[in-house]
Amino acid sequence: MGDRGKDDAMKHRKTNLEPVMDKPESQDPMARPATHKEARLGREVQARIGQQLRAMYNDFVNQGVPPHLADLVRRLSDQDQD
Amino acid sequence: MKLDPAIRDQVLATVPSLRAFAISLCGNIDRADDLVQETLLRALAHIDSFEPGTNMPAWLFTILRNLFRSEYRKRRREVEDAEGRYAETLKSHPEQTGRVEFEEFRTALAKLPADQREALILVGASGFSYDDAAAICGCAVGTIKSRVNRARTRLADLLAIDSVDDFGPDRATRAVLASGGRS
């Protein structure tokens with residue numbers, strides 16, 4: 001059988017990692033305007049978080065479809081539907 | 001009548017990502033595979049309720065997420081330290097759950113509340129839009145955005161602890177700011 005686990009339909013989906021602006025947390029009375037340097041550090045940290053999250057997730061995705069799950073889907077698909 | 005092979009192939013094509021979502025949610029490969037199996041059983045038993053042409057991944061993720069949540073609620077009554085268990089189970093399969101360098105990241109991810117973790121994974125890793133993620137979690141789009149923001153902020157705090165040297169002289173400044181500016 002073809003290696004359906006490698007199907008890349010899921011891999012070309014874009015991700016939304018840019019920070020969202022309307023955060024209610026900014027109502028915090030302790031909040032203060034971020035300095036330019038802090039903003040840059042924040043972006044670097046956020047970029048790294050996004051990268052690590054996707055790397056971890058893609059490691060799992062790349063494991064493909066375990067044989068017992070592929071068999072299950074094929075078996076149920078071949079049964080008569082109600 | 002047998003299932004349309006095109007629909008079957010859409011299901012199969014979604015399994016790797018569905019499984020990655022399950023592992024990321026519950027932190028345990030065996031539990032994740034059980035969860036995916038249960039999801040596939042339910043999905044194929046109710047395939048008539050899937051509208052061809054609509055979003056198959058979103059449909060399957062919704063089923064899995066709901067199964068996980070109902071199981072999670074049950075387990076939470078049994079197990080006090082759900083977060084500790086999550087971290088522990090991830091550690092127990094280092095060779096299966098991915099490369100060692102993600103250990104620190106996975107530990108931080110495990111410390112997030114479940115609703116923030118699932119929102120971050122759906123939007124940041126699975127590639128769903130905020131609208132799709134909100135539909136999967138059965139909540140408002142604004143709620144998803146807020147959860148993703150809180151998850152990112154919390155992860156940044158957790159991960160900065162170990163990478164503070166990367167930021168050099170800023171460390172002292174950050175410590176002062178963290179104490180609220182009091183001396």
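1. A nonpolar core is a set of buried Ala, Val, Leu, Ile, Met, Phe, Trp, Tyr and Cys residues joined through C-beta atoms within 7 Å. In this predicted model, the largest such core has 54 residues. The members that touch the most others are B:Ala22, B:Val36, B:Leu64, B:Ala119 and B:Ala133. Helix H1 of chain B, residues 5-26, contributes the most to this core, with 11 residues.

2. As general background, nonpolar side chains tend to be buried together in soluble globular proteins.

3. B:Val36 deserves a separate look. Leaving aside residues up to four places away in sequence, B:Val36 touches B:Val15, B:Leu18, B:Arg19, B:Ala22 and B:Leu64, and also A:Leu69 of chain A.

4. Chain A has two helices and zero strands. Of its 82 residues, 13% count as buried.

5. How do helix H2 of chain A and H1(B) lie relative to each other, roughly parallel or roughly antiparallel? The axes of H2(A), residues 67-78, and H1(B) come within 11 Å and cross at roughly 165°. Because angles over 145 degrees count as roughly antiparallel, H2(A) is roughly antiparallel to H1(B). The crossing of H2(A) with H1(B) is right-handed.

6. On the side of H2(A), the contact is made by A:Leu69, A:Ala70, A:Val73 and A:Ser77. H1(B) supplies B:Arg8, B:Val11, B:Leu12 and B:Val15. By class, this contact comprises six nonpolar, one polar and one charged residues. A:Leu69 and B:Val15 of this contact are also among the residues that B:Val36 touches.

Definitions and conventions. Residues numbered from 1 in each chain as written. Chains lettered and ligands numbered in written order. Predicted model: local features only at pLDDT ≥ 70, side-chain atom pairs only at ≥ 80, totals over all residues. Buried ≥ 20, exposed ≤ 12 C-beta atoms within 10 Å, placed from the backbone. Helix = DSSP H or I, 4+ residues; strand = E, 2+ residues; numbered from the N terminus. Contact = placed C-beta atoms within 7 Å. Axes fitted to C-alpha atoms, helices over the stretch in contact; angles between N-to-C directions. Parallel < 35°, antiparallel > 145°, perpendicular 65-115°, else oblique. Left-handed = near helix turned anticlockwise from the far one by under 90°. Nonpolar A, V, L, I, M, F, W, Y, C, P; charged D, E, K, R; others polar.
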